[in-house]
Amino acid sequence: MNEIIAIAGSTWKNVLRLKVVYFLVFCVWVLIASALNYDVLSLGLHKELLVDASLFLNTITGVLVIISLTFEIPKELKEGVASTMLSKPLGRTNYLIGKMIGYIVIGAIVCALVAIGSFLIFNVSFSEPIGVAMLQNHILIILSLIPMAAIAVLFSIALPEIIAPIVTVLVIWFAHSTSMLSNLPIIYGGIIPDLELFNFKSEAVYNNAVSWRYVVMVALWGICYAIFASSLASLIFSRKDIK
Amino acid sequence: MKNVIHIIIIIVSCLVAGILGGKLNTTQRELAPSKEAISGMPLGGFQKFISDMEWMLFVNYLGSLNTVDESNVDEVSRRLERLMSHDPNLGKIYQEGALMISIADPEKTVEILTKACNNPHLKSNSQIPFYAGFVMVQHMKPPKYKEAIPFFKMAVDRSGGGEGFNNYYASYYYRAKAKVWSDGKFDDRHALLHVLYDSWLGDTRDENYVGGGTMGGDSVDLKDRLFSAIRNVKNESEDYKPTVDGNKLADAVVQRVFSDSHICHACTAAYGPGVEYCSGCGTKLKVYGVCQFCQKAVLPGAKFCTTTGQKFPEEPKK
């Protein structure tokens, strides 16, 4: 457990120490605020556009953080970082879980910063409190990082360095359109990820909140799926030769 | 042994995630029913954002057109349908977008607006069903009055008695009903009076007959409409001459609906206490508000006659 915390801690500290991360967060805020300029072109829908842009950009931010995980693991393995730990019996599993948690924390912090910024922009621009639906959706975006990080870990272990990020992006992209497979019990949701469960962006724009129970349940699904994907990744990783 | 534990964890987590995912999918459909109507195109869950972009491009495109006619109506319709497939809940698609094609392609407009009327997210929007009915009676050739009635009724019901809109919707509702009832056999004024009277009779039997609440039989709105319709039927104008049937109906309505309203049965002019003949048409009136002893007018609610000093008998308590 200590190993996992140590790996996760060093991962998030290394990334969150970079000033470029905060510069990118600032750029995202500017982009969100730019939605205010579209009041004429959207025929007065700029408030909805601002909410939607904040959710869209926060999702993109989260995905980018997760994608960086698919670059990090192969790079570390190639460079022989943590090679001592990887030689221990439980070392490989701990390494993967540590990396996954580390990137979930990074994603959660960055996405939370984007969300807080968008709340402030909304509040200052329209002089009204943010809707519960908007808050819930930003929370759902942060929660969606859990299964996405597990997917990234799985592909970064199972696939070559160059292909892994591309496949991860494609899987995350298509995992939002798998509901047509919902008549495949267990496989759908169990093996095929359904990231659309985290998507209530349209409802957030119209301020239709969902129940908090649903948010908790979907977080549980994310954790279960993350356990499945990371266990599979660990199984593959345990059989892999590392030079 | 380590691998066995791994495999057990994989199987168990897969089963739990599968069961939970299936249930959550069902819950999500209940929480967001409009997701069913959204296109299955793999857009990474960004359908709403793409719809916003498409909306602005649509507005921009409309700005580049002088008018929407046969030459570009298909393109406008195509863009509208694409918008609807990404975000069927966006009210502006219907309220502003669909109306752009209402002259060039009223059938398509009604088709789009009907979809919006059936969208549970827009169930409180009264303008959309009104526009659907409006396009049917104003832009379709021949006008589809019968088909428009349910839309006007929906608009009235959805407006919930709000000031302004409700009256407007109700006017169209009654006029469409009048057109259907008359079927070209009666003039519009007569038909409207008939429909309003029928509604009043229906309302007095059943308060939910038409709209209920604000449009109920004893409502000021319906009585005002009836009064106005009576005047229209009875009064001659440049393009209208009162008919015998119309007058008969108007008299019947006055006697039934306005028997205690002190208006002249012949010309609908109001009269005061003690007045014997109508100032508008000279018709003999049913006198009210006079002392039974001296036949002079008395103030409403007076207990004694101001001329003779006689005490009036008290009205029986209800």
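This is a predicted model: local features need pLDDT of at least 70, side-chain atom pairs count only at pLDDT 80 or more; totals for chains, interfaces and linings use all residues.

User: What does the secondary structure of chain A come to?

Analyst: Chain A has 10 helices and zero strands.

User: What box do the C-alpha atoms of chain A fill?

Analyst: Roughly 60 × 45 × 30 Å, taken along the principal axes.

User: And how does the radius of gyration of chain A sit with a compact globule?

Analyst: It agrees. Chain A has 243 residues, so a compact globule would come out near 18 Å, and the chain has 19 Å.

User: How much of chain A counts as buried?

Analyst: 49% of its 243 residues.

User: What about contacts in chain A between residues 24 or more positions apart?

Analyst: Take the contacts with a separation of 6 or more. Residues 24 or more positions apart account for 77% of those.

User: New topic. Where is helix H7 of chain B, and how far does it reach?

Analyst: H7 of chain B covers residues 145–159, which is 15 residues. From first C-alpha to last, H7(B) reaches 21 Å, close to the 21 Å expected.

User: Why is H7(B) called largely enclosed?

Analyst: Because 11 of its 15 residues are buried, the rest of the structure largely encloses H7(B).

User: Which residues of H7(B) are buried?

Analyst: Among them are B:Tyr145, B:Phe151, B:Phe152 and B:Met154. B:Lys153 and B:Arg158 are buried too.

User: What follows H7(B)?

Analyst: B:Gly160 does. The phi of B:Gly160 is positive, near 60 degrees.

Methods. Residues are numbered from 1 along each chain as its sequence is written. Chains are lettered from A and ligands numbered from 1 in the order in which they are written. Helices (H or I, at least four residues) and strands (E, at least two) are DSSP runs, numbered from the N terminus. The expected span of a helix is 1.5 Å times one less than its number of residues. A residue is buried if 20 or more other C-beta atoms lie within 10 Å of its own, exposed if 12 or fewer, and partly exposed in between; C-beta atoms are placed from the backbone. The radius of gyration is taken over C-alpha atoms; the globule rule is 2.2 Å times the number of residues to the power 0.38. Two residues are in contact if their C-beta atoms, placed from the backbone, lie within 7 Å.
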